[in-house]
Amino acid sequence: MEPETALNACFVGFDGGVQQVTGEDTAVILSVIFASICAVGIIGNILVFVVLIHNVMVKKSASGMAVMLANLSGTDFLILAVCSSTRAVTYHNRTWTLGHFACRTAEWFQHGCLAAKSMTLVVISRERYHIECDAHLKLKRVLISAGCIWLLGFALPVLQIVFSKLQVKGNFSLCVTELPNHSCDFMRVYSKIYALVVYVLPVIFSAACHVRAIFRVTRGHGARSECRTESRLALLSVTAANALLLLPEWTVFLWLRHRPHDTRQPTVALLVLAQVCTYLTSASSPAILLSMMPLRENLARLLCRGASWDGERERREMDVGALDDNMIHTDALGRPLPDVKHFWTSRRNTAVVDNTNPFPWEELEHCHARF
């Protein structure tokens, strides 16, 4: 189902997922897909956070690269926890039930997180390229960069809040973006610049930095050079996955805003595919990051430490039990007492004779013998 275009609007599109999807089975399948991607991605990003925190605790200091990787995982975590769960609820209910404020901020929040992720990848690629010249990145500069990334990321798509609105029609509601005719020309220019700044330029710059860094490191030799090459390949894979999986989303974004009025809108299948690929990006990033040599080694060390701790606890319990079995009991003077364990075990269920009955012969059986 497509939203109805108003007379004074040049573009109307769904926000927060396609509402009023035809077919109950389709709605259930889509909600399960989005919920599964959300769960897997959140678990992966939590593992990245745990490994980074453990690395900071071991080194007693936070490096600039660790802060930026945590910032990258934070954007993925927010995209999955907020945006993907919102789409899952929308596809399940087949109407907008999250209120007016959520409708106003749904697309703005997702685009802000995507912009912050793209700029974070730019900073990571740049710092990773210059890390050989300055191995100890200044933490203060990195924190300032992270703050500027979030501010700029949520400032660029602020017009999404202006044109998002909630349409109530009968017993159901639609959350849509509606562009009036007097704003169409401006929004077409804005959408081109926005896609160029948030998607195209970051991808080109990040890829160029990673490729140059890989060729720069391969001239070296040794285990340290191999570790750096593997880390750069992993970061390049994150950048490539982000670029390829976000390509359908940005294609639909530009198609909807620049298509002629006589052409058809993108099909619902293409809209859903674009959203699924967007969330697969955030779910695949932690898997690629955990394949990096430092993070992989830290994760393996954490798992081995957990397994060794469980084994040590079991051995400690067995040692305590053996110590209790072999313990020699003594009296107040320190003399050993006899072991009466087996004696009482054999008499555990023995009935106790009652010696307080003054007439014990009454309980005896009567004798029927004749005298």
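In this structure, a polar atom of the Ser 84 side chain lies 3.2 Å from the backbone oxygen of Phe 34, within the limit for a polar contact, a pair of N or O atoms within 3.5 Å in which, within protein, one must be able to donate a hydrogen and the other to accept it, residues adjacent in sequence counting only if both atoms are side-chain atoms. The model is predicted, so local features need pLDDT of at least 70 and side-chain atom pairs count only at pLDDT 80 or more, whereas totals for chains, interfaces and linings use all residues. Residues are numbered from 1 along each chain as its sequence is written, and side-chain values use heavy atoms, with hydrogens and water left out.

**Overall make-up**

- The protein has 10 helices and three strands, where helices (H or I, at least four residues) and strands (E, at least two) are DSSP runs numbered from the N terminus.
- Along the sequence these elements follow the pattern β-α-α-α-α-α-β-β-α-α-α-α-α.
- Of the 371 residues in the protein, 42% are buried, a term that means under 20% relative accessible area, with exposed over 50% and partly exposed in between (1.4 Å probe, protein chains only).
- Among contacts (heavy atoms within 4.5 Å) between residues at least 6 apart in sequence, 81% join residues at least 24 apart.

**Ser 84 and helix 2**

- Ser 84 belongs to helix 2, which covers residues 64-93, and Ser 84 is buried because its relative accessible area is 0%.
- Not counting residues up to four places away in sequence, Ser 84 touches Phe 34, Cys 38, Ile 79 and Tyr 279.
- Helix 2 reaches 43 Å from its first C-alpha to its last over 30 residues, close to the 44 Å expected at 1.5 Å a residue, the expected span being 1.5 Å times one less than the number of residues.
- At Leu 80, helix 2 bends by about 25°, as given by the angle between axes fitted to the seven residues ending there and the seven starting there.
- Helix 2 is mostly covered, with 21 of its 30 residues buried.
- Arg 94, in the loop between helix 2 and helix 3, has a positive phi of about 60° although it is not a glycine, and it counts as partly exposed because its relative accessibility is 30%.

- Leaving aside neighbours within four places in sequence, Tyr 279 is in contact with Phe 34, Ile 37, Ile 79, Leu 80, Cys 83, Ser 84, Arg 87 and Gln 110.

**Aromatic pairs**

- Rings of Phe, Tyr and Trp (its six-membered ring) pair if their centres lie within 6.5 Å, and planes under 30 degrees apart count as stacked, over 60 as edge-to-face and the rest as tilted; by this rule there are 11 aromatic pairs.
- Trp 108 and Phe 154 form a tilted pair, because their planes are at 50°, with the ring centres 5.2 Å apart.
- This pair links Trp 108 in helix 3 (residues 100-129) to Phe 154 in helix 4 (residues 139-155), 46 residues apart, and both residues are buried.
- Tyr 194 and Phe 253 are also a tilted pair, at 6.0 Å centre to centre and 50° between the planes.
- Tyr 194 lies in helix 6 (residues 184-217) and Phe 253 in helix 7 (residues 223-258), so this pair ties together parts 59 residues apart in sequence.
- Ring pairs join Phe 186, Tyr 190, Tyr 194, Tyr 199, Trp 250 and Phe 253 into a cluster.
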